[in-house]
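Good morning, and thank you for making time for this presentation.

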Amino acid sequence: MGSSGSSNKPKLGFLAGAIQLQVPIINSREDIDRQLKVITDTVKSMKSGYPGLELIIFPEYSLQGLNTKKWTTEEFICDIPGKESDAMADACKEAGVYGVFSIMERNPDPNKNPYNTAIIIDPNGEIILKYRKVFPWNPIEPWAPGNEGIPVCDGPGGSKLAVCICHDGMFPELAREAAYKGCNVYIRISGYSTIVNEQWKLTNAANAWHNLMYTISVNLAGYDNTFYYFGEGQVCNYDGTTLVQGDRNPNEIITAEIFPVLADNARKSWGLENNIYNLGARGYVAEPGGEKTTNFTYINDLANGTYKLPWDDEIEIKDGTIYGYPKEGGRF
């Protein structure tokens, strides 16, 4: 179990903090620069208020906001590394913490759309993980789908960290991939409006339970003159129970003690409900070592690039034209 919140570092594990940042209203490059200072100042103030914090997490779109008219413009896109990530790195180094941040990243191919990217920075100010959102929220988001898989890195207190971004968390395959690579603390940063509030909480818990890992999830909060963002930061135990649940308050901070060793122990010692192991070792009571083959059609089709639903030809929305985006790829 973990606590419902704390300010000091536990003897085992680590203390994590996530802030339901007020959704920024961004209309210019100057607004981005001002918001960058808000973020870096917040890293330092959170560490000051919660001295035991070792991991600080910001929601998706914390830096560049959700101005759909300018999302993909040259004015709004950042480089990694770049001045924004450098400033974040300096803040993490000064505060002595790991930080998780959201940046809309320039695509190395100038003919393609930017990526929706998350980075983890360590207390030395080094970028130790970069993740590009695999499943942009269609049909709204114009981001190029991530092309670098689901990386995992070492974190504080014996943790193995991975990050998913918003809609990614609705796909159990991504959480399973992270766990398969050793992740025991799965971080989800989001910029969801209230449309999927309940489903967001449900999937955070399910991702934890299916994979015997902690999940730490945080969403933007407040109103940006178009949508309301629900906040509700959530930390789930590796058994799927919710340890901490935030409210809808902008800038509310949730903290939780995380004990990766307990998740690791469950994965190694549980018999009942060790489903991540059982997926590849079916029926080991009847067959020593278990049955290794699993003939799931969709997995084979995904691997072969032939994934197609029985109702695929009847799906009505397959591009972003309802939001004014062009049908075919390329910058817009």
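I begin with a definition: two strands pair if DSSP finds at least two bridges between them. Helices (H or I, at least four residues) and strands (E, at least two) are themselves DSSP runs, numbered from the N terminus. Please note that this is a predicted model, in which local features need pLDDT of at least 70, side-chain atom pairs count only at pLDDT 80 or more, and totals for chains, interfaces and linings use all residues. Residues are numbered from 1 along each chain as its sequence is written, and side-chain values use heavy atoms, with hydrogens and water left out.

Let us turn to the sheet. Six strands form an open sheet in the order β6-β7-β8-β9-β12-β13, and their pairing is mixed. Which are the edge strands? They are β6 and β13 (242-245), each of which pairs on one side only. Within the sheet, strand β8 (residues 185-190) and strand β9 (residues 214-219) run parallel and are joined by 6 bridges. Opposite Ile-189 stands Val-218 in β9.

Next, the helices. Helix α4 (residues 197-211) lies across β8, β9, β12 (234-236) and β13, and runs at about 160 degrees to β9. Here axes are lines fitted to C-alpha atoms, for helices over the stretch in contact, and angles run from 0 to 180 degrees between N-to-C directions. Helix α3 (residues 172-180) packs with α4 at an angle of about 40 degrees, their axes being 10 Å apart. The two helices α3 and α4 are therefore oblique to each other; angles under 35 degrees count as roughly parallel, over 145 as roughly antiparallel, 65 to 115 as roughly perpendicular, and the rest as oblique. Where do α3 and α4 meet? Pro-172, Ala-175, Arg-176 and Ala-179 in α3 meet Asn-207, His-210 and Asn-211 in α4, where contact means heavy atoms within 4.5 Å.

I now come to charged side chains. Side chains of opposite charge can pair when their charged atoms come close. A salt bridge is a side-chain nitrogen of Lys or Arg within 4 Å of a carboxyl oxygen of Asp or Glu, and by this rule the count comes to 22 salt bridges.

One of them links Glu-94 with Lys-44, with the closest N and O atoms 3.5 Å apart. Glu-94 belongs to helix α2 (residues 83-95) and Lys-44 to helix α1 (residues 29-49), so this pair ties together parts that are 50 residues apart in sequence. Glu-94 is exposed, at a relative accessible area of 58%, whereas Lys-44 is partly exposed, at 33%. For these terms, buried means under 20% relative accessible area, exposed over 50%, and partly exposed in between (1.4 Å probe, protein chains only).

Lys-133 forms a salt bridge with Glu-60, the closest N and O atoms being 3.0 Å apart. Lys-133 lies in the loop between β5 (127-132) and β6 (153-154), and Glu-60 in the loop between β2 (53-57) and α2, so the pair ties together parts 73 residues apart in sequence. Both Lys-133 and Glu-60 are buried.

Arg-132 and Glu-105 form a salt bridge as well, at 3.1 Å between the closest N and O atoms. Arg-132 is buried, and so is Glu-105. Finally, a network of salt bridges links Arg-29, Asp-33, Lys-83 and Glu-84.
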